[in-house]
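Work through these exercises with the model open beside you. Try each task before reading its solution.

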Amino acid sequence: MGLARTLAVTLTGLTGHIVDVEAHATQGLPGFTLVGLPDAAVRESRERVRAALSTCGVTWGEQRLTVNLSPADLRKTGTGLDLALALAVLGARGRLGRSAAGALGRTVYIGELGLDGSVHSVRGILPSVQAAVAAGVGEIVVGQEAAAEAELVPDARVSAISHIGQLVERYGGRLSEGVAAAVEQISEAGRDAPAVLARDDEPPDLADVVGQAEARQALEVAAAGGHHLIMVGPPGTGKTMLAERLPSILPPLEQSDAVTVTSIHSVAGTFNPAHGLITRPPLRAPHHTATRAAVVG
């Protein structure tokens with residue numbers, strides 16, 4: 001009989017919650033039971049974990065596995081729990097070194113597993129890491145692709161990996177020669193992969209507007225005093241053009257607001273960590289037919 005515990009994070013909106021992933025292995029009919037209010041993506045993680053560990057040469061054998069996601073009354077969502085779940089299973093089955101138990105329980109693991117054991121990034125890395133640091137857990141392990149985003153959080157000690165085999169070897173586990181060579185190849189490819197930078201277009205600037213003196217003055221007064229502004233006029237008079245340029249004269253966001261805005265982009269999957277935190281006030285342009293619920297969210 002074996003018991004192991006790791007840590008993960010699940011998101012409810014922009015709020016992250018620490019999840020204790022507890023795995024228990026005992027002799028009996030082979031099976032894998034996952035409890036603790038997992039959603040469909042989390043329930044499917046057992047198949048991803050099974051395939052990834054099989055790729056690493058770990059067979060299930062004649063053991064019954066029970067995995068609990070605590071707190072059990074909190075809905076667990078997303079695929080970011082894969083990595084923590086796989087390490088808990090390895091620890092419960094005794095496939096890691098004796099010193100691994102302490103490290104597993106003090107580290108948060110965030111990542112989705114591929115069937116070959118590779119570790120992929122997930123959405124919401126920034127708020128997840130921020131929640132871990134706020135809970136007092138400074139050691140974070142993420143996929144190589146998510147390292148730049150995770151390192152934006154102050155006081156976070158981030159480790160980036162490309163394959164779960166790297167953690168198996170780090171914690172005293174053994175891989176066959178063929179698997180170890182494949183892990184090393186994937187790891188080198190992850191380290192050498194060039195960063196993909198999204199095109200960073202300059203936003204429209206109010207300085208580009210010629211004329212419109214009264215409208216420009218109204219924008220400047222609203223920006224300086226923090227006032228609301230309504231623009232009324234027939235189509236083609238420049239209302240949208242002026243509204244799009246209002247952020248160019250607004251002050252940068254405060255640190256807390258910048259983190260919130262960046263977290264929203266992270267959860268939506270549109271954040272490019274190469275550009276750092278988003279400090280420019282964002283512009284949202286809902287259509288005039290949008291409902292109240294659509295605008296408010």
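**Exercise 1.** Find which residues of H2 meet which residues of H3, then describe how the two helices cross.

*Solution.* 
Step 1. This is a predicted model, so read the contacts as computed ones. On the H2 side, look at Ser-45, Arg-48, Val-49 and Leu-53. They meet Asp-82, Leu-85, Ala-86, Val-89 and Leu-90 in H3.
Step 2. Two packed helices are described by the angle between their axes and the distance between the axes.
Step 3. The axes of H2 and H3 come within 10 Å. They cross at roughly 60°.
Step 4. Angles from 65 to 115 degrees count as roughly perpendicular. H2 and H3 are therefore oblique to each other.
Step 5. The hand of the H2–H3 crossing is right-handed.

**Exercise 2.** List the buried residues of H2 and work out how they are arranged around the helix.

*Solution.* 
Step 1. H2 spans residues 45–55, and its buried residues are Ser-45, Arg-48, Val-49, Ala-52 and Leu-53.
Step 2. Look down the axis of H2: the buried residues fall within an arc of 120°, so they line one face of the helix.
Step 3. An α-helix has 3.6 residues a turn, so residues three or four places apart point the same way.
Step 4. Now find the partners. The buried residues of H2 pack against strand S3 (31–35), helix H1 (40–43), H3, strand S6 (112–113) and helix H7 (164–170).
Step 5. Just after H2 comes Gly-57, with a positive phi of about 90°.

**Exercise 3.** Decide whether H5 is mostly covered or mostly open, and name what covers its buried residues.

*Solution.* 
Step 1. The buried ones are Ile-125, Leu-126, Pro-127, Ser-128, Val-129, Ala-131 and Ala-132.
Step 2. The cover includes strands S1 (2–12), S2 (15–27), S5 (107–110) and S8 (139–143). It also includes helices H6 (147–150) and H11 (255–268).
Step 3. Gly-136 follows H5, and its phi is positive, near 90°.

**Exercise 4.** Locate the largest nonpolar core and find which members touch the most others.

*Solution.* 
Step 1. The largest nonpolar core has 43 residues. Val-21, Val-67, Leu-83 and Tyr-109 touch the most other members.
Step 2. Helix H3 (residues 82–92) gives the most to this core, with 9 residues.
Step 3. Another core, of 17 residues, lies apart from it; Val-9, Val-129, Ala-146 and Ala-156 are among its members.

Note on methods. Residues numbered from 1 in each chain as written. Predicted model: local features only at pLDDT ≥ 70, side-chain atom pairs only at ≥ 80, totals over all residues. Heavy atoms only, no water. Core = buried A, V, L, I, M, F, W, Y, C linked by side-chain atoms within 4.5 Å. Buried < 20%, exposed > 50% of the residue type's maximum accessible area, 1.4 Å probe, protein only. Helix = DSSP H or I, 4+ residues; strand = E, 2+ residues; numbered from the N terminus. Arc of directions from axis to C-beta. Contact = heavy atoms within 4.5 Å. Axes fitted to C-alpha atoms, helices over the stretch in contact; angles between N-to-C directions. Parallel < 35°, antiparallel > 145°, perpendicular 65-115°, else oblique. Left-handed = near helix turned anticlockwise from the far one by under 90°.
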